[in-house]
Structure formats: C-alpha cells, structure tokens
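Here is a friendly note to read with the model open beside you. Please take the points in order and look up each residue as you go.

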Amino acid sequence: MATATLGNPPDLSDRERAAIEALLFRLADDEFVAAERYTDWQVRSPTLESDLALSNIAQDELGHARLWYDLLEDFEHTESALIYERAAGEWRHNTMSELPFGEGDWADAVVRTYLYDTAEAIRLEALVESAYPRIRDRVEKVIREEDYHRQHAESWLSRLASDEEGQQRLQSAVDRLLPYGLTIFAPMGDVEADIDDLGLRTETLESMRETWLDTVVPHLEGLGLHVEDAQLPEQYDVHHEAMELPDELGRDGTHTDSWDELLEEFTFAYRDLGRTTTTEIMADPDDVE
Amino acid sequence: MSSEIPPDPKGLDEFDREVLGLDDGLACPYPDYSDGSAEASLPATGKGAEGLERAVWDALYAVEDPEMPISIVDLGLIYGVTVENGHATVDMTLTYTGCPAREMLLDEVETAAAAVDGIDDADVRLVWSPPWSIEMVTEAGKDSLREFGLSV
C-alpha cells in the first residue's frame with residue numbers, strides 16, 4: 001500500500017524515477033497504440049453509431065496517452081522523442097493493442113475493446129492511491145472517461161453473441177486475442193518490485209491479472225463462448241499450462257511484425273515533412289516549475 | 001447477424017432494449033459527468049478577490065469556451081488565480097482529456113491574464129484534480145447553457 005508520498009520530479013531518487021517511468025511508458029504506450037489501431041475502423045464500422053463510438057473511444061485514449069506522456073515530459077523527454085522518433089523496440093505497449101484487426105471483423109474490435117478496457121479499469125483502480133501525486137491527481141479523470149468504453153463493448157458482445165454467426169466470430173476473436181491480452185500484465189523486469197515497494201500502484205501485476213481473468217472468463221462463458229482453460233500461463237504459475245503467452249510480450253520491447261507497419265504509418269507525416277520537433281503553440285502548461 | 005439497430009423504437013424487442021439500456025434511461029452510454037461533487041471551494045469565481053487578482057478574474061470571465069457561449073469561469077474551469085510581484089498564475093482544468101482545443105484555450109487564458117494592466121506575465125498550470133464535473137458550473141453558467149439549448 002502507499003505509505004509515503006513521493007516528491008516532485010526534480011526531488012526523486014534514480015530508483016524512484018526509473019520505477020515511475022516504467023509505469024508511465026506502459027500506460028501511455030498502451031493508450032496511444034490502442035487508439036492508433038481503433039482509427040482503422042473509422043468510417044468502416046457496421047453502423048454510424050458504432051463508427052462514432054469507436055472514433056470517440058480512440059479520441060479518449062489519445063487524451064489519456066497525452067496525460068501520461070505529459071508526466072514523462074517532466075523527465076526531459078520530448079513529444080517528438082517519445083512518439084515520432086522512438087525506435088520500434090523501445091515501445092512498451094502490450095501486443096494485443098498493436099495487432100491488425102481481422103479483415104472486416106467487427107467481432108475482433110468488440111472483443112479487443114472488451115478485454116482491454118476491462119484490464120484498464122483494474123489497473124487504473126490500482127493507481128488511485130498511488131504514492132506519486134502526479135499520477136494520483138489525474139487518474140480519477142481518466143477513470144471517469146473510461147466507463148462507457150466497457151458499456152459499449154459489453155453491449156456489442158451480447159448483441160453478437162445472440163446468433164450463430166456472431167458466436168463463431170466472437171469465438172475466433174477470443175481464441176486469437178486472449179493470449180495477447182495477457183501481455184497487458186506481463187512484467188517489464190525487476191523494476192516491477194520497485195513499483196510495488198514504492199507504492200506507485202497498490203496491486204501487483206499477478207493480482208491484477210487474476211482479477212482480470214476472474215472477470216472476463218465468466219463473462220465470456222456466460223455468453224456461450226468457450227475459453228480454453230483460460231487460467232494462468234505456465235510462465236507465471238505452474239498449476240495450469242493450457243494457455244501460452246505469445247512470443248512477443250511488448251513490455252520487454254519485443255513486438256509483432258505488424259507493429260513496424262503501424263509505427264511507420266503514424267510517423268509518416270512527421271518524417272515526410274522533415275520535422276525534428278513537434279509544433280507547439282505555447283510552452284507546455286504541464287511542465288513542472 | 002443482428003448487427004443493425006431497428007430504426008423504429010417501437011420495433012425494439014426486449015433484447016434490443018437491454019442492449020441499448022433504454023430501460024435504464026441510458027440510450028447513449030457516454031461519460032457521466034454528473035456524479036462528481038463540487039469541492040467546497042469550487043467552482044472558484046474570484047468572489048472576494050481584490051486588486052490585481054480581481055482584475056485577472058475579470059479578464060478570464062471574458063474568455064469563452066470554444067464550443068459554447070459560456071465564460072470559462074462560469075464553466076468552472078478555473079480553479080484558482082494568484083498574483084505575486086506582477087506574475088499571475090492561473091490553475092485551470094479542462095472538461096475532457098481529449099480536448100482538441102487544449103493548447104489554443106490555454107494560450108488564450110495566458111494571453112488574457114498577461115494583458116491585464118499591472119500584470120507582467122502569466123502562467124497557466126493545467127490541473128486534473130479534482131476532476132471537472134457539471135456541478136462545477138456556476139448558476140449563471142447553467143443559465144447560459146440552458147439558453148444555448150442544453151439541459152442542465
């Protein structure tokens with residue numbers, strides 16, 4: 001539990017700073033990459049309503065990414081270095097969020113947002129009492145904007161699960177995405193112990209992963225879907241071995257081939273224009289004095 | 001696949017009604033900004049402020065939200081103003097993290113504060129806590145929003 005409050009960026013020890021950065025990179029990169037992918041569905045969703053909803057969810061996630069990147073900028077990172085000039089292997093997002101959607105497969109979008117937003121709710125809740133005030137101060141705002149993402153995903157899950165073709169599409173999306181979804185809770189390394197010890201979050205990755213599985217598995221099964229012994233992967237816990245993590249965990253810098261293409265795409269304009277920095281209207285009001 | 005919402009609400013079956021949340025009065029799942037409670041000191045309106053701080057509040061009253069005809073002060077976005085040795089500091093939040101007008105609006109606020117006679121320069125500090133909610137809109141602000149056609 002959070003026992004002490006950490007100071008402002010300039011007052012932090014190296015260990016504190018490294019732990020905070022590890023936590024923030026994960027939060028920011030997940031949101032940013034998820035949003036970049038969601039926009040693939042813009043103007044292609046099955047109804048205008050869902051097109052609007054998914055575009056708006058993408059906008060929310062970009063807004064949240066910006067809040068977390070702002071905090072990384074406290075540590076002398078710049079927006080251009082963080083987003084437009086960072087090497088592919090330096091990104092720390094989970095690998096489910098980078099996967100391309102199955103072609104025209106709306107069930108993929110529905111299952112993916114359901115898995116991601118359920119995980120997101122769990123991990124944001126564990127930041128409400130964070131020992132780092134600058135995280136604590138913004139997490140409530142983010143939580144408040146996340147609720148309807150899950151409502152949207154859950155309502156579409158029920159809708160698709162109500163007939164046979166929808167069931168099959170959902171099933172194949174679950175089979176494909178769930179192992180990648182587990183990478184949301186993959187550790188970045190030894191820094192995880194520091195994150196917990198310093199009270200930056202109040203629940204460990206393992207505990208959050210169990211909460212997540214205990215939530216999504218019964219929900220999916222309740223819709224008539226089959227979750228192949230979706231328990232803990234062997235790497236984490238020896239009492240189940242059926243579900244294996246993908247080779248690419250994201251958190252350790254390993255990514256699927258599709259990541260290179262996505263990165264290439266969203267940095268294209270920046271490179272094409274020969275930019276070296278992002279344009280700013282004013283000094284960043286978020287910078288700590 | 002039942003992927004289309006029937007256009008006629010009367011054509012909705014029980015399942016559709018549940019999916020759409022119609023019976024919960026929740027046809028459009030959207031962030032609910034109404035559950036926040038206004039902090040004791042918010043909305044801040046500059047009431048009781050004097051001298052240069054009063055003047056900065058007055059200048060901020062003249063800045064409008066980019067989408068609605070309402071002062072950003074009445075909208076409850078300004079959490080505090082302090083002036084020290086001619087330097088104004090404005091604490092401000094936004095209604096939405098994904099606000100595309102963030103830099104424009106903050107720039108406008110900084111410029112408005114710095115233009116006050118007796119103020120040499122101004123800083124805007126963007127804050128997110130407590131999160132903005134509809135309870136932070138002043139009574140005068142609610143009137144403006146109603147006039148604009150919003151139900152608040």
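1. A word on the ground rules. This is a predicted model, in which local features need pLDDT of at least 70 and side-chain atom pairs count only at pLDDT 80 or more, while totals for chains, interfaces and linings use all residues. Residues are numbered from 1 along each chain as its sequence is written, chains are lettered from A and ligands numbered from 1 in the order in which they are written, and side-chain values use heavy atoms, with hydrogens and water left out.

2. Start with chain A, which has 10 helices and 0 strands. Here helices (H or I, at least four residues) and strands (E, at least two) are DSSP runs, numbered from the N terminus. Chain A has a radius of gyration of 19 Å, close to the 19 Å that the globule rule gives for 289 residues, so it is as compact as a globular protein of that length. That radius is taken over C-alpha atoms, and the rule is 2.2 Å times the number of residues to the power 0.38. The C-alpha trace of chain A spans about 60 × 45 × 35 Å along its principal axes.

3. Next, burial and charge in chain A. Of its 289 residues, 57% are buried; buried means under 20% relative accessible area, exposed over 50%, and partly exposed in between (1.4 Å probe, protein chains only). Chain A carries 24 positive and 68 negative side chains, and the centres of the two sets lie 4 Å apart. Lys and Arg count as positive and Asp and Glu as negative, with His and the chain ends not counted; each charge is placed at NZ of Lys, CZ of Arg, CG of Asp or CD of Glu.

4. Chain B brings in strands: 4 helices and 3 strands, in the order α-α-β-β-α-β-α. Buried residues are 45% of its 152 residues. Among contacts (heavy atoms within 4.5 Å) between residues of chain B at least 6 apart in sequence, 59% join residues at least 24 apart.

5. Which residues touch the most other members of the largest nonpolar core? They are A:W68 and B:M92, in a core of 76 residues. Helix α1 (residues 14-38) of chain A gives the largest share of this core, 10 residues. Apart from it lies another core, of 49 residues, with A:L115 and A:Y148 among them. A nonpolar core is a set of buried Ala, Val, Leu, Ile, Met, Phe, Trp, Tyr and Cys residues joined through side-chain atoms within 4.5 Å. In soluble globular proteins, nonpolar side chains tend to be buried together.

6. Do look at A:W68 itself. Leaving out residues up to four places away in sequence, A:W68 touches several residues, including A:L24, A:L27, A:E31 and A:R138.

7. Now for some backbone details. Most residues other than glycine have a negative phi, and most peptide bonds are trans. A:E76, in the loop between α2 (48-73) and α3 (79-84) of chain A, has a positive phi near 65 degrees, and counts as exposed at 64% relative accessibility. B:N85 sits in the loop between β1 (78-84) and β2 (87-92) of chain B; its phi is near 45 degrees, and B:N85 is exposed at 76%. The peptide bond from B:S129 to B:P130 is cis, with omega near -5 degrees.

8. Finally, find B:K47 in the loop between α1 (14-20) and α2 (51-61) of chain B. B:K47 is exposed, at 80% relative accessibility.
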